[in-house]
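This report goes through one protein structure part by part. Please look over the sequence and the structure before reading on.

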Amino acid sequence: MFSSQPRFGFDGQLILRPLSLDWLQQSGVEVAVLRLDLVDHELSGNKWFKLVKHLEAAQRARAPGLISLGGAHSNHLHALAAAGRRFGLATVGLLRGQEQDTPTVTDLRAWGMQLHWLGYGGYRDRNLPTFWERWRAQYPGFYCIPEGGGGLLGAMGCAELVPRVRSALASAGWDNYDAIWLAAGTGTTLAGLVIGEAGQHRVFGALAGPPSHAVGAGVADLLAQAGVPDRGYELLDASRGGFGRFDKELALFILSTERDGGVPLDPIYTAKTMMALRLYIGRGYFPSGTRLIFVHTGGLQGRRAAQGQLRKLIDG
């Protein structure tokens, strides 16, 4: 049960910083980075916004705890465990694959999350209509959160980013923008931004995994639930051969972007998303003078486990 009656969400001012890199200056396209990675040292990136409506629903239900799913490097489970510790809620994580130790898993355990490893077949069963029955029986009254903080509540929390972006425009010296560019995993944050934009600006979602019907169908379903037309966005492939696959070009891009642009990137989501943006700009998709918001969705905690592999790629 909640130890108090907390007010959820992020109360501060979002940071919107112009990005200065050679490939942008040559194109005449302006990009400002929405630094959601700086929102909170534990509930970083878009996770605050995906979780906030779920936490409010759990509070209304007087839930004693929270259950959700993810992998051994899950940014979502990391944020959920931190939220549980902060607000006095028990947390349960249902993890993909076999038990393993990662920096993320170490944090989950340290923050009191009860872990269950489902294997790969068991994790695929998460889409079955009966999946949650066992866990509701084992953890009575716990509030179940979809994978990644998804569902309509996750999207509606992300919709609240749009007015915050507009309030932060002055910090970038802008009065308006032309489109939003962000990483897309499940598509929940993208759907939320489309809802929040209400057709005013186009939203581009760079897929972290290979294109699949599931993500597009999921976005369309969320928009339908919100009563919003299924338009105003575009999904594109930024996976570079597969989810979580790294190569030397990616590793060097992360290094140079942090060095020259002052923006740290994670190799699974934000780095591939910015590389895709560079490709689209280089091909003239956006004319000179275009102003784009790049949403930094966080995920830097997950980079800890990849540091050794990235270094080997750079040195190799």
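Where is the place of Ser-27? Ser-27 belongs to helix α1, which covers residues 22-27. As the model is a predicted one, this and what follows are computed from predicted coordinates. A polar atom in the side chain of Ser-27 lies 3.0 Å from the backbone nitrogen of Val-29. Apart from neighbours within four places in sequence, Ser-27 is in contact with Ile-281 and Ser-288.

**Two domains**

The protein is divided into two domains: domain 1 takes in 16-41 + 151-315, and domain 2 takes in 46-149. Their centres, taken over C-alpha atoms, are separated by 25 Å.

How many residues of each domain take part in the contact between domain 1 and domain 2? On the side of domain 1 there are 23 residues, and they are in contact with 20 residues of domain 2. The size of an interface is often given as the accessible area lost when the parts come together. For domain 1 and domain 2, the buried area is about 1800 Å², with 58% of it on carbon and sulfur atoms. Leu-153, Gln-301 and Arg-304 supply 28% of the area that domain 1 buries against domain 2, which is more than any other three residues.

Polar and charged pairs also link the domains. Between domain 1 and domain 2 there are three salt bridges, and eight residue pairs are in polar contact. Three helices, α7 (151-159), α8 (161-168) and α9 (188-197), each supply at least two residues of the side of domain 1 that touches domain 2. The largest share of that side, six residues, comes from α7. By type, the residues of the side of domain 1 that touches domain 2 are eight nonpolar, eleven polar and four charged.

**Salt bridges**

The structure as a whole holds 18 salt bridges.

| Residue with nitrogen | Residue with oxygen | Distance, N to O |
|---|---|---|
| Arg-304 | Asp-107 | 3.0 Å |
| Arg-86 | Glu-42 | 3.2 Å |

The salt bridge of Arg-86 and Glu-42 links distant parts of the chain, as the two residues are 44 residues apart. Arg-86 is in helix α3 (residues 75-87), whereas Glu-42 is in the loop between β2 (30-35) and α2 (47-60). Arg-304, listed in the table with Asp-107, is also one of the three residues named above for the area that domain 1 buries against domain 2.

**The sheet**

In what order do the four strands of the open sheet stand? The order is β5-β4-β3-β6, and the pairing is parallel. Why is one side of β5 and of β6 left without a neighbour in the sheet? β5 (114-117) and β6 (143-144) stand at the edges and have a single partner strand each, so one side of each lacks a neighbour there. Strand β3 (residues 65-70) runs parallel to β6, and two bridges join them. Opposite Cys-144 in β6 stands Ile-67.

How values were computed. Residues are numbered from 1 along each chain as its sequence is written. This is a predicted model: local features need pLDDT of at least 70, side-chain atom pairs count only at pLDDT 80 or more; totals for chains, interfaces and linings use all residues. Side-chain values use heavy atoms; hydrogens and water are left out. Domain bounds come from an automatic or database domain assignment. Contact means heavy atoms within 4.5 Å. Buried area is the accessible area (1.4 Å probe) that two parts lose on being put together, summed over both. A salt bridge is a side-chain nitrogen of Lys or Arg within 4 Å of a carboxyl oxygen of Asp or Glu. A polar contact is a pair of N or O atoms within 3.5 Å; within protein, one must be able to donate a hydrogen and the other to accept it, and residues adjacent in sequence count only if both atoms are side-chain atoms. Ala, Val, Leu, Ile, Met, Phe, Trp, Tyr, Cys and Pro count as nonpolar, Asp, Glu, Lys and Arg as charged, and the others, Gly among them, as polar. Two strands pair if DSSP finds at least two bridges between them.
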